Each structure stands twice: as C-alpha cells, then as structure tokens.
6 protein chains.
Amino acid sequence: MRVLFINPNTSPGFTEKIAAIATRHAFPGTDVVAVNPTSGPRSIESIYDELLSSPGTLETAIERLDECDAVVIACYSDHPTVYALREIADKPVVGIAEASMLLACVLGHKFSVVTTNREWEPLLWDAVRHYGLGERCASVRSTGMAVLDLETAGAETVDNAIIAAARLAVEQDGADVICLGCAGMAGLDEKVTAALGVPVVDGVVAALKLMEGAVAAGLSTSKRLAYAQPQYKEVVGLPALFDRPYVRR
Amino acid sequence: MRVLFINPNTSPGFTEKIAAIATRHAFPGTDVVAVNPTSGPRSIESIYDELLSSPGTLETAIERLDECDAVVIACYSDHPTVYALREIADKPVVGIAEASMLLACVLGHKFSVVTTNREWEPLLWDAVRHYGLGERCASVRSTGMAVLDLETAGAETVDNAIIAAARLAVEQDGADVICLGCAGMAGLDEKVTAALGVPVVDGVVAALKLMEGAVAAGLSTSKRLAYAQPQYKEVVGLPALFDRPYVRR
Amino acid sequence: MRVLFINPNTSPGFTEKIAAIATRHAFPGTDVVAVNPTSGPRSIESIYDELLSSPGTLETAIERLDECDAVVIACYSDHPTVYALREIADKPVVGIAEASMLLACVLGHKFSVVTTNREWEPLLWDAVRHYGLGERCASVRSTGMAVLDLETAGAETVDNAIIAAARLAVEQDGADVICLGCAGMAGLDEKVTAALGVPVVDGVVAALKLMEGAVAAGLSTSKRLAYAQPQYKEVVGLPALFDRPYVRR
Amino acid sequence: MRVLFINPNTSPGFTEKIAAIATRHAFPGTDVVAVNPTSGPRSIESIYDELLSSPGTLETAIERLDECDAVVIACYSDHPTVYALREIADKPVVGIAEASMLLACVLGHKFSVVTTNREWEPLLWDAVRHYGLGERCASVRSTGMAVLDLETAGAETVDNAIIAAARLAVEQDGADVICLGCAGMAGLDEKVTAALGVPVVDGVVAALKLMEGAVAAGLSTSKRLAYAQPQYKEVVGLPALFDRPYVRR
Amino acid sequence: MRVLFINPNTSPGFTEKIAAIATRHAFPGTDVVAVNPTSGPRSIESIYDELLSSPGTLETAIERLDECDAVVIACYSDHPTVYALREIADKPVVGIAEASMLLACVLGHKFSVVTTNREWEPLLWDAVRHYGLGERCASVRSTGMAVLDLETAGAETVDNAIIAAARLAVEQDGADVICLGCAGMAGLDEKVTAALGVPVVDGVVAALKLMEGAVAAGLSTSKRLAYAQPQYKEVVGLPALFDRPYVRR
Amino acid sequence: MRVLFINPNTSPGFTEKIAAIATRHAFPGTDVVAVNPTSGPRSIESIYDELLSSPGTLETAIERLDECDAVVIACYSDHPTVYALREIADKPVVGIAEASMLLACVLGHKFSVVTTNREWEPLLWDAVRHYGLGERCASVRSTGMAVLDLETAGAETVDNAIIAAARLAVEQDGADVICLGCAGMAGLDEKVTAALGVPVVDGVVAALKLMEGAVAAGLSTSKRLAYAQPQYKEVVGLPALFDRPYVRR
C-alpha cells in the first residue's frame with residue numbers, strides 16, 4: 001500500500017524529516033511518499049497560516065489521490081484540509097495530531113501535548129475538544145519556541161525545553177503519555193522517553209500506523225453523512241483542478 | 001462606524017441580499033459595506049468549499065481592513081476565516097452563525113438552527129460545540145434543500161420547508177428560538193415568526209447588532225493569546241498581499 | 001427606544017453610576033432609565049440577599065414594563081428576577097453578567113470574570129454553567145473586597161486589587177478577555193485595559209448593547225416554552241400588583 | 001430529632017399531604033413538622049411564583065430555625081430558598097427534587113422525572129444540571145396537567161397521566177427509576193411502581209431520609225465557602241426579622 | 001432491618017473497624033453485619049486487587065443475600081462487585097465511595113476526596129465520572145501513604161497527612177466538604193472537621209444512612225434495564241454457588 | 001511480533017472465530033494466538049459475568065505475558081481485566097470495544113455501536129463515557145438477541161437483525177460508522193457495509209491493528225501513574241500465580 005504524507009508548509013526540510021521517520025517505521029510493503037505544496041507559508045503557527053497553506057495542500061492532494069491508499073496531513077494542528085480531504089476522497093485521511101491522541105488513549109489514562117509557541121495552547125485545546133477527547137487530555141503545554149526555531153536552535157536547547165514541559169505535564173498534570181505536538185519534533189520521542197520514563201507518541205508514526213491499519217482492515221472514510229462528496233457548483237478564479245472532486249447530480 | 005460584510009461565496013445575488021438586510025437594520029450612523037470575493041465557489045456547502053473560498057475572502061478583507069471598524073463573515077458556518085481575521089485584525093470580527101446563537105441565548109432557554117442540506121447538521125453541531133454553546137442548542141434541523149435552491153425554488157416552497165423544520169424544532173426538540181441557518185434565508189424571519197410565534201434570529205442582523213455594540217462600547221478582538229498577531233514567515237507562491245498582516249519581531 | 005435598568009440593591013449611588021455609564025454609551029435615540037427598589041438590602045452578596053431584593057425588584061419592574069422596550073437587571077449575578085421577568089414580560093430581558101459573557105465570546109477564545117468576595121466564585125461559576133458557557137470561561141477570580149467596599153475604599157486600592165486579579169486570569173488562566181464582575185466596578189474597564197492590554201467588558205455596557213440590538217432587530221423573549229406567561233393562581237398576603245402579570249386561561 | 005418541612009406555596013392541603021407522608025415514613029424518634037408561609041401563591045409553576053413564595057418561606061424558616069435539626073423545602077423545583085437557607089442556617093437543608101435524584105442514583109443507572117406542566121421541563125433540566133446530575137438523568141417528562149389540577153382532577157385521571165408519562169420514560173428513554181416531580185404527587189409512588197415494576201422515588205420521603213441520615217451522622221451544611229453566612233448590610237423596607245441571619249464582622 | 005457490610009479485602013482489622021463505626025451510627029432497629037471474604041488480597045489498591053477480591057466478595061454476598069435488606073461494599077473505590085450485586089440482588093446495594101459523594105452533595109457546593117496512594121487519583125476521578133458527579137467534585141488529593149500504612153503508621157502521622165491534603169482541597173481547590181477516601185480512614189472524620197471546620201463524610205456512615213433510608217422508604221434496586229437479573233448460562237470451573245443468581249428463561 | 005487474544009468467555013467456538021479473523025487480517029510477521037480461560041461463564045452479558053470471567057482471564061494472561069508483545073481482550077465490553085492487565089503488564093493492552101471506537105473516529109464524524117441484548121445499552125454507554133468518547137458516539141443500539149443466539153440462530157436472522165439496527169443508527173442517529181458490538185459478530189462487517197454503504201468496524205481487527213501499530217512504533221503501556229505496577233500485598237486463598245505480577249518495594 002502507499003501512504004501519502006503531505007507536509008502542508010513549504011519547508012522541504014520538514015518534509016524530509018517526515019519522510020525519514022515514516023519510512024523507518026513502515027511495515028514491509030508500505031510505500032511512504034512525502035510531499036509539500038509549492039505555495040504557502042514556511043511554517044504553520046496560526047489559523048491564518050493554515051488557510052494560506054490550504055489551496056496548495058489541496059492541490060497537492062488532488063493530484064495524487066488516485067495513486068495512494070491513505071493520506072496523512074503532517075501538521076500538528078486541527079488542519080482544515082483533513083476534513084476537506086475526507087469529503088473529497090474515498091480513502092482514509094488523518095492528521096498527525098488526532099492520530100497521536102487516539103493512539104495515546106490505549107497507552108495511558110490521560111495524555112498531554114507538548115507544543116511550541118504559547119498561541120498553540122488554545123488552538124490545540126480546540127483540536128482536543130473537536131476530536132471529542134477532552135476527558136482524556138491532561139494538559140497542553142508549550143515550550144515557547146517557535147516552529148522554525150526547532151530547525152535552527154541547537155539540538156540540546158530544543159530537547160531540554162521539550163523535556164522540561166513534558167516533565168511538568170507528567171508530574172503536575174497527571175499525564176501518563178506525552179504527545180509531541182509539532183511535526184518538527186519528529187524523532188525526539190526516544191529522548192523524552194529516556195528522560196521521563198513515559199511513552200511518547202510521535203504523530204507521524206501514529207498516523208502511519210492508523211492508516212496502515214485502516215487500509216489493511218479494508219476500512220475507509222464514510223461518505224454517508226458528514227463527509228459526503230460535495231455537490232458540484234461553479235468555482236471561479238481558481239485552477240480548474242479544484243473542480244475535479246465535485247460530484248455531479 | 002463602518003461594518004464590512006463579506007459574503008465568502010461568489011454569488012453577487014447573496015451579497016446584495018445581505019447588504020439590503022443589513023442596511024435596513026443598521027443604526028443611524030452605521031455604514032454597511034457588503035462585498036464578495038472574486039474567486040471561489042458560488043455557494044458554500046462543505047469544508048472543501050470553505051477552503052476554496054478562504055484565499056479570496058482573506059484577500060478581500062485585507063484590502064479593506066483599514067477602512068472599516070468591524071468585519072462580519074456572512075456565511076452560516078464556522079467559517080475558518082473568522083479566526084484568521086481575528087488573528088490579523090485589531091477590530092471585532094464575527095460570523096453570522098455565532099452571532100445568531102449568542103443573541104438567541106438572551107431570548108430563550110434553548111435555540112435550534114434550521115439549515116439547508118443534511119450534511120450541514122454535523123458541521124453546524126461542530127460549530128455549536130466550538131462556540132461552547134452545546135447546552136443551549138436544542139437541535140440542528142435541515143430542510144434538505146441545497147443552498148443555491150433557495151435562490152431558484154419558488155418562495156413558497158422554500159418558506160414551507162423552513163417552517164416545517166422549525167416547527168419540529170419547537171414542538172419536538174424544545175426550542176424557544178429559531179436561528180435561520182443560511183445567509184440565503186435572510187429575510188424569512190418574519191414569516192417564520194408569524195407561523196410559529198417564536199423569535200427567529202437572522203444571522204446577518206444579529207452580527208450587525210453585535211458589531212455595532214462592540215464598536216460603540218470601544219471593544220475589539222483580544223490580541224493577547226488565542227488571536228495574537230501571527231509572526232512573520234516567508235510565504236511563497238501567493239500574492240504579496242498575504243505578507244502584509246504578519247508582525248515582524 | 002427606552003431601556004430600563006434596574007439596580008436590584010437599594011444603594012442609589014450604584015444606580016447613579018449605572019445610569020451615567022449606560023447613558024454615556026447609548027446610541028442616539030436610546031433613552032436610558034435607571035431605578036432601584038425601595039425595599040431590600042443595600043448590596044447583594046449572597047442568594048439570601050438576592051431573594052430579599054426580589055420582591056422590590058419585581059414590583060419596580062411590573063410598574064414600568066409598559067413604558068420600556070427592554071429590561072436590564074444590573075447586578076453581576078445570575079439574579080433570579082431575570083428569569084421571572086422573562087416569564088412575565090414580552091420584551092427582551094438580560095442580566096449584566098450574562099450580557100458581559102456573551103459579548104466577551106466574540107472578542108476572545110476564553111474570558112475570565114473578576115469579582116469581589118470569594119463567596120462569589122462558586123456562585124458565578126454556577127452562573128457560567130447556567131448560561132451554558134463553561135467551555136468559554138477560563139476562571140472566576142475574586143479580589144476579596146466586599147461590594148460596598150468598592151464605594152468606600154480609595155480608588156487606587158480598588159483599581160489595584162482588580163488589576164492584580166485580572167493579571168492572574170490573563171497570565172495563568174489563559175483569559176483573552178476580562179469581564180468586570182460587579183456593577184460597582186462600572187467605569188474601571190479602561191484602567192484595566194490600559195494595564196493589561198486585553199479587552200475588558202463592563203456588564204452594564206454589554207447589556208445595553210445587547211438590548212439595543214435585540215429591540216432594533218425586532219426580537220423579544222420567546223413566550224413559547226421556558227418563559228411562557230405564568231398561569232393565574234391566587235396570591236395571598238402580597239400587594240395586588242403581583243397579580244397583574246398572570247395570564248387567565 | 002426534628003425535621004422541618006416547608007411547603008413554600010400557600011395551599012394547606014399540600015402541607016397536610018406532605019406532613020402525612022413524612023410522618024408515616026419517619027424513623028422512630030424523628031419529629032416531623034410541616035408548615036407553609038402565609039404569603040405567596042397557591043401553587044408554584046414558574047420562577048415568578050418561586051420568587052413570590054420566597055419572602056414568606058424565608059420568614060417561616062427563620063422563625064423556626066432554632067427549633068429544628070434539618071430543613072426540607074418541599075417544592076419539586078430548584079427553589080432558591082434552599083440555597084439561601086444553606087447560607088443562613090448551620091443545619092442541613094435540602095429540596096425534595098435534589099433529594100429524590102440523589103437517592104435515585106443508588107437505585108438505578110438513570111432516572112427520569114415525571115412532572116406536571118410542560119413549562120417545568122426546561123426548569124427541571126436546569127435543576128438537574130445545577131445539581132450536576134445531567135449524566136444520570138434519562139429524561140424529564142410532563143403530563144401536561146397543572147399543579148392545582150392534581151388536587152381537583154379525579155384520582156384515576158391523575159394516576160393514568162403520570163403512569164403514561166413514566167412508561168415512556170422507562171420504555172423509550174431508558175430510565176431505571178422514576179422520580180415523582182411534584183410535591184402534589186406524594187403518595188402515588190406505589191401505584192406507579194405497581195404499574196411499571198420500577199422503583200419510584202417520592203421526593204418528600206427521599207428528603208426525610210437524607211436529612212435523618214445527615215443529622216444522625218452529625219453532618220451539617222458547610223459554612224466554609226459557597227454557603228458562608230452572609231455579612232451584615234442594611235436592609236430597608238422589609239420586616240426586621242430578615243436582619244437576624246446576617247453575621248456582623 | 002439488617003444491613004450487610006462487606007469489606008472486600010481480607011484484613012479482619014478493617015472489617016472490625018467498619019463494624020464498629022457502622023454499629024455506632026445505626027438507627028435503633030438496624031442490625032449491622034460486617035464480613036470479609038476468605039480469599040483475595042489484604043488490601044485493595046489497584047484494579048488488579050479489585051478483581052482478585054471479586055470472587056470472594058461475590059461468594060460472601062450470595063451466601064448472605066437472603067438474610068439482609070441491603071448491601072454495602074466497604075471499599076473506597078468504584079468496586080465492580082457493586083454493579084454485579086445490583087444485577088443479582090433485588091435489594092439496594094451501594095459502595096462507600098458513591099454514598100459519601102452523594103451525601104456530600106447536600107452539604108456543600110463541591111466536595112473533594114482525600115485518599116491514600118497517588119495511583120488512586122485517576123481511579124477515583126474515573127469513579128466520580130462514572131457516578132456522573134464530575135461537576136460537584138473539586139479535587140481528588142492523595143496523601144501518598146499506602147492503605148496498609150494506615151493501620152501501622154502512628155495515628156498522629158496518618159492524621160496529619162490527611163489533614164494536610166484536606167486543607168489543600170479546601171483552600172486551593174474550593175472544596176466545601178471532604179470525603180474520606182479509604183475505608184481504613186473510618187473514624188478520622190471528627191479530627192479533620194475539628195482541624196478545618198468543614199463537614200467530613202465517612203463513607204461507611206454515609207452508606208449506612210443511604211441504605212437505612214432506602215429500605216425504610218421501601219425502595220430497592222431497579223431490575224428493569226441496567227441491573228436486570230442476568231440470564232442463565234453454563235459456568236465452568238467455578239463453585240456451583242455462582243450459578244444460583246442467574247434467572248432461567 | 002506476537003499478539004495474544006484472550007476471549008474471556010469459555011466458549012471455544014468464539015475463540016476459533018476470533019483466531020480466524022485476526023489471522024486473516026494480520027500483517028506478515030504477526031503471530032496471532034487466541035485462547036480462552038478454562039473457568040467462567042460461556043458468554044458475557046453482565047457485570048456479574050465479567051467478574052466470573054476475570055480470574056480465569058487473568059490467569060491465562062499471566063501465564064502467557066512473557067511470550068507475547070501485546071494483549072487483546074476480545075470481549076465487546078469495558079472488561080475490567082483490560083485495566084488490570086495494563087497495571088501488571090509492560091506491554092500494550094486493549095479491549096476490542098475501545099479499539100473499534102478509536103479506529104471509527106478516523107473514519108467518520110460519529111459512530112454507533114450495534115449490540116445484542118438491550119441490557120448492553122447502558123453498559124456500553126458507560127464504556128463510551130469511560131473511554132471519554134461520548135461526543136463521538138451517535139448511539140448504542142441493540143438487536144435484542146442474546147450473545148449465544150448469534151451462534152445458534154440462522155445466519156440470515158442474525159444478519160438481518162444487525163442490519164436493521166445499524167440502519168436506524170445511520171438514518172436516525174446520524175452515525176457515519178458502525179461498530180459491531182460483540183465478538184460473536186466478527187465477520188459480519190462486510191455484509192453490513194454492503195447493505196448500508198458505511199464503514200463497519202470489527203473490534204477484533206481494530207484491536208489487532210492498534211496493537212500491531214503500537215508494537216511497531218515501540219510504544220507500550222505507561223507505568224507512570226494510572227497503570228503503575230501494583231505493590232505487593234499478601235493474597236490468601238487464591239493460586240500462587242496471582243502473586244507473580246506484584247512489585248516488591
């Protein structure tokens with residue numbers, strides 16, 4: 001099977017990191033493809049950034065939908081393209097935030113998310129509530145470092161900031177499990193586990209495993225109600241590609 | 001003061017309707033401006049449609065932010081541009097769905113939303129929960145008519161379908177108040193009230209009144225945490241206009 | 001239009017303050033009338049106080065219902081006369097606590113309430129839950145100063161206590177918006193905003209704006225279910241005035 | 001011990017009924033006293049009625065607080081005097097609605113309330129939520145008969161209406177237990193149990209048993225935070241009796 | 001009437017303590033019987049311990065069901081035998097945790113539970129949520145002392161640890177009432193009340209009072225839906241006694 | 001890797017069915033082992049049945065823990081041995097109910113569970129709430145057929161009953177996805193999907209995929225707080241095997 005990972009920002013460094021981690025953890029027979037759009041912001045740290053990244057992300061997905069079995073949106077947010085893709089694809093689709101939290105649920109009683117800027121705290125609490133997982137989330141804690149800093153700051157600085165936030169989640173908030181709340185943190189799970197002795201879920205790996213599982217089980221997105229294929233309507237001023245997913249009555 | 005209404009779809013007929021209703025209900029001294037983007041779908045009935053409408057809507061808003069005191073997104077959904085605009089504007093911003101539900105809260109114990117296609121039911125329940133108003137919402141009921149049908153079907157057919165759905169909301173679900181769940185239903189409030197004897201909230205009017213009230217009270221969007229101005233990052237492959245809202249550190 | 005503000009305590013100083021603030025913020029054409037009952041406690045700090053203030057408040061309202069277009073109960077609590085008035089009036093009615101919280105919802109992701117005595121914390125949390133706004137409330141924080149102290153303590157002392165509590169709400173609890181939790185705090189909003197850089201909602205102004213908006217939109221309390229006009233029954237030992245609101249079958 | 005039952009309406013027939021049932025179910029050594037105020041409405045069917053009944057109810061209670069060990073407010077509602085009495089008394093206080101629901105929780109997984117007029121449905125749902133018991137309540141169902149009709153309609157008519165509503169609660173809503181939602185239904189529990197084979201909780205009996213239990217366990221209302229004794233403030237235009245409960249600093 | 005207390009652990013010292021406290025608080029005419037199983041762990045501190053204690057507890061109960069009027073499971077946990085016994089008995093059954101929390105609800109606005117090991121915190125929060133009382137619970141706080149330590153540590157050490165945890169619950173978490181979260185804490189209620197001035201509920205006493213009340217009111221477990229008598233099926237490899245409770249179709 | 005499936009009832013027919021389905025869906029390299037205890041009831045339809053099945057289930061697990069990488073409890077309930085095993089194992093453990101619901105969350109907006117006897121409805125709602133998934137569950141619907149009937153009734157009868165219940169879930173309750181709520185329904189997923197056009201999740205397959213994913217990701221149960229290894233205490237009257245999992249301080 002082929003699992004398509006779309007990094008919705010335009011930083012190829014992130015995409016490579018995602019590709020490496022997903023490839024390393026794939027079951028034999030799983031083909032990992034990781035791409036990013038050619039338009040949009042270099043990183044995603046706000047709803048505004050999410051919306052600027054959406055046309056490119058959708059374009060990237062629409063072009064590749066026929067050649068994959070499942071799609072992962074590799075941004076640790078409640079990225080709206082997850083839902084748009086569930087509407088226009090008849091394949092399973094998941095974001096790495098939701099995937100990490102669902103997998104965390106089988107590993108402990110409560111999970112916490114460790115993320116970057118403080119602005120992500122309300123956004124990720126909204127994501128938790130949107131997924132219906134408010135009862136399972138002990139806390140969302142931020143390190144105060146911006147997304148792109150994860151790339152440029154020294155590795156030790158980044159590690160220490162994440163470990164410090166995760167420690168508070170475990171010791172003060174009652175978290176049994178830590179979810180790494182940024183695609184740019186991919187690969188840090190082992191260090192955090194070593195420091196704190198709790199399972200640490202990397203969203204890229206969690207999403208890969210859920211998609212491999214769904215595809216192997218023959219399961220796909222329900223097209224019945226919430227994610228019904230959108231009805232055709234005229235679209236103006238945008239590439240014709242965007243017409244393709246509509247169903248004609 | 002000037003209140004900017006953006007109809008995020010590309011049907012000028014909707015925009016005119018919105019302009020007419022808002023103008024009719026404005027306080028003296030309020031200048032209503034209603035516009036729609038030049039790119040995107042003719043109507044919005046899915047997350048996919050929402051995302052296709054977002055770049056044009058943001059563009060339209062960014063160009064006009066300096067010339068208005070408040071912004072209304074005139075689509076009866078939890079349209080993501082509401083949040084993006086709260087991030088990039090230092091003016092109050094609201095969508096007509098949230099506005100109608102907040103105003104309904106002072107008129108009755110529970111409200112119901114009457115909407116078009118059945119696919120809107122889960123989307124609008126998500127909106128209700130996102131606004132944190134789940135305890136106040138008796139039901140979301142759909143008429144089964146698509147958004148564009150509201151324009152083309154005979155007025156009586158549309159009216160009867162909406163009244164029938166609203167009647168079930170009142171008699172079976174315990175709604176005290178009805179929210180008209182589509183910008184295209186603007187103006188039908190009086191007919192529904194006449195038929196059912198309950199207050200019927202038109203989202204365009206509700207949004208106008210909340211924005212007039214906020215501006216008059218000297219209140220604006222909090223830029224402190226959730227809606228902090230986004231930090232600058234490079235944006236590629238999109239018009240330079242989209243760089244403008246970022247703050248440089 | 002005429003908006004009737006009833007200060008349910010018997011301290012005319014509060015009433016004058018309320019009148020001044022409401023008058024200053026009214027739209028042209030809005031006539032503000034502020035009154036208080038002649039019986040009941042000088043301030044309201046408990047359910048017991050609320051109930052002692054209720055007969056006088058209802059009397060005051062019943063006498064003036066015909067001459068106004070909307071009623072505001074200007075006590076920052078879930079004062080039970082709000083609901084009684086919704087039952088007996090066919091005009092919009094709101095309390096300043098609910099009004100401030102609803103308006104805060106369009107300005108930020110979460111609001112906090114800053115109030116006086118610590119005993120108000122559970123009472124206002126109950127109010128928040130009764131309004132169905134628990135998901136939007138970051139915290140209720142008290143200054144530890146009694147209501148009447150707001151009148152007698154030096155202005156600087158009061159200001160500092162309120163700003164300190166609000167600062168904790170913003171920095172520790174994640175509040176984007178502050179609601180001033182006492183009618184006696186009216187007018188302090190600008191100072192708190194200046195100190196903290198967040199919008200601060202004064203309940204008197206919020207209630208005024210919601211009532212002006214509802215009346216201008218032609219909306220009133222739903223008489224259908226929860227706030228149906230009470231059926232007549234004999235009332236003994238009380239002024240005949242209290243018979244007036246009942247409906248005879 | 002002595003348990004004081006206050007029927008807050010002014011219908012002595014209700015009071016006698018309450019006295020008879022409580023006396024019949026009292027443990028040996030429990031002295032039941034049932035009274036009603038001399039002012040207020042003949043029955044309570046709205047918040048307005050509740051507030052008209054409050055001064056008389058408080059007066060009745062204040063005069064007798066020293067001579068009893070616990071107080072029951074015998075009106076099936078979230079009557080506000082329950083909370084005022086918890087503030088001003090250092091004895092346990094409960095209303096028959098809360099008592100019946102708490103006792104129902106040990107008898108089944110979910111309870112339903114069967115009440116009179118349809119207007120009680122939202123009021124009793126608010127009560128359920130205020131008690132924090134929303135997860136345990138299957139439904140609130142009304143018979144459509146007004147409170148005073150319970151006294152005047154033929155017994156069989158009343159019984160049949162209650163049994164029909166209770167049957168729907170059991171068969172459609174998944175209720176394991178029925179709470180009789182009106183003090184005027186006292187004594188019907190056996191008939192409903194005979195018809196439906198489920199336990200039926202009479203609020204008067206439930207309140208008696210909780211108060212007997214609390215007193216025997218040496219437990220009383222916490223005066224620490226939510227129900228702290230109110231601080232003195234001047235009260236004007238009301239009987240001096242109402243000054244008595246305040247604490248002077 | 002006879003109330004059967006089953007201490008599900010195999011430490012007779014606990015059983016004696018429970019018997020003494022229950023006997024001291026029983027109404028005249030109530031016969032208290034306290035027993036423990038002969039198989040299972042000496043104390044219960046995990047789900048694993050609960051399950052090891054379950055066969056012995058059920059055996060003990062089945063043998064004595066005909067000779068009692070109500071059953072109390074005297075372990076401060078959401079012990080699963082409570083639900084099994086509700087299924088197989090037509091008598092009221094309660095655990096001391098649920099009983100203490102329900103009684104606490106009439107004494108204050110919020111209760112906190114003070115318990116032993118930290119591992120109990122998530123378990124007791126699950127219990128609180130299972131009882132549907134999440135809105136009424138201010139906190140679950142642990143002393144860090146294991147259950148059996150309560151027997152062996154000096155009385156003063158135990159008392160001080162419990163009082164310290166309870167003080168935090170009252171002063172920081174807003175608890176009005178403390179529930180003693182371990183059967184082994186029975187008898188400490190008076191000391192904690194003396195230290196903190198808040199009501200302290202002992203689960204053994206609370207359960208006794210609820211069961212005395214239910215029996216006196218003629219109320220028993222609903223057998224209608226959730227606690228219907230289990231249908232017969234073959235049971236292999238276990239004592240024949242376990243067949244007895246099944247109903248044959 | 002090896003995944004151990006324990007069918008906690010004592011019907012080998014169920015175990016074989018589970019083995020067959022899990023084997024058919026396993027990734028290459030996964031070794032499926034399915035067993036059942038030698039003591040306990042033939043089927044599980046109540047908490048009482050669950051508790052009778054627990055000692056044998058734990059025994060079976062303890063004996064095999066060293067030889068497997070993950071454990072599945074293959075009973076569609078919130079079987080308490082799942083939690084006991086998370087406490088005593090340092091491997092991932094899941095029940096088929098929780099697994100099916102978590103996987104359903106990525107396939108649709110809401111799922112419904114279709115189960116057997118009506119008594120399962122409250123039990124499975126409790127499970128849903130315990131998993132914290134109440135917001136994602138549209139309904140729990142029962143077919144009214146007992147568990148063992150699934151084995152003996154004609155296949156067509158069983159299929160039709162399940163399809164009828166699932167149809168109501170989709171058409172009336174708004175379910176996008178169906179979870180088959182009984183291990184004995186394993187294998188019916190394709191028929192239900194064919195009839196209704198929605199994804200149908202088989203809990204055995206879902207649990208297999210989650211466990212394969214967790215093991216491949218190097219993730220296991222958190223031993224930090226909620227599922228900490230239980231401390232040793234003497235266990236009397238039970239096989240010595242049950243001492244093994246305790247940790248000695």
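**Figure 1. Contacts of Glu98(A).** Glu98(A) touches Tyr131(A) and Val106(F), leaving aside residues up to four places away in sequence. Contact means that the C-beta atoms of two residues, placed from the backbone, lie within 7 Å. This is a predicted model: local features need pLDDT of at least 70, side-chain atom pairs count only at pLDDT 80 or more, and totals for chains, interfaces and linings use all residues. Residues are numbered from 1 along each chain as its sequence is written, while chains are lettered from A and ligands numbered from 1 in the order in which they are written. Glu98(A) sits in helix α4 (residues 96-105) of chain A. Helices (H or I, at least four residues) and strands (E, at least two) are DSSP runs, numbered from the N terminus. Glu98(A) is buried, because 25 other C-beta atoms lie within 10 Å. The cut-offs are 20 or more other C-beta atoms within 10 Å for buried, 12 or fewer for exposed, and partly exposed in between, with C-beta atoms placed from the backbone. Ala183(A) is 85 residues from Glu98(A) along the chain, and their C-alpha atoms are separated by 13 Å.

**Figure 2. The two domains of chain A.** Domain 1 of chain A takes in 2-97 + 205-243, and domain 2 covers 98-202. These bounds come from an automatic or database domain assignment. The C-alpha centres of the two domains of chain A lie 22 Å apart. Across the boundary, 24 residues of domain 1 of chain A are in contact with 24 residues of domain 2 of chain A. On the domain 1 side, the elements giving two or more residues are α1 (12-25), β5 (93-95), α4 and α9 (203-216) of chain A. The residues on that side of domain 1 divide into 13 nonpolar, six polar and five charged. Here Ala, Val, Leu, Ile, Met, Phe, Trp, Tyr, Cys and Pro count as nonpolar, Asp, Glu, Lys and Arg as charged, and the others, Gly among them, as polar.

**Figure 3. Helix α4 of chain D.** Ten of the ten residues of helix α4 (residues 96-105) of chain D are buried, so the helix is largely enclosed by the rest of the structure. Among the buried residues of α4(D) are Ile96(D), Glu98(D), Met101(D) and Cys105(D).

**Figure 4. Where chain A meets chain B.** A rotation of 180 degrees with 0.0 Å of shift along its axis superposes chain A on chain B (RMSD 0.0 Å). That is the relation of a two-fold axis. The superposition is by least squares on the C-alpha atoms of residues with pLDDT of at least 70 in both copies. In this interface, 45 residues of chain A are in contact with 45 residues of chain B. On the side of chain A that touches chain B, the elements giving two or more residues are β3 (40-41), α2 (47-64), α3 (81-88), α5 (120-130) and β10 (235-236) of chain A. The largest share of that side, nine residues, comes from α2(A). Its residues divide into 23 nonpolar, twelve polar and ten charged. The copies meet through the same surface, because 100% of the interface residues of chain A are also interface residues in chain B. Two strands pair if DSSP finds at least two bridges between them. Val236(A) has Gly40(B) as its bridge partner in β3(B).

**Figure 5. The open sheet of chain C.** Four strands of chain C form an open sheet in the order β2-β1-β4-β5, with parallel pairing. β2 (31-35) and β5 (93-95) of chain C stand at the edges with a single partner strand each, so one side of each is left without a neighbour in the sheet. Strand β1 (residues 2-6) and strand β4 (residues 70-73) of chain C pair in the parallel sense over four bridges. Phe5(C) has Val72(C) as its bridge partner in β4(C).

**Figure 6. Strand β4 of chain E.** Both faces of strand β4 (residues 70-73) of chain E are covered. Ala70(E) and Val72(E) are buried on one side, Val71(E) and Ile73(E) on the other. Four bridges join strand β1 (residues 2-6) of chain E to β4(E), and these run parallel. Three bridges join β4(E) to strand β5 (residues 93-95) of chain E, also parallel. Val71(E) is the bridge partner of Leu4(E), and Val93(E) is the bridge partner of Val71(E) in β5(E).
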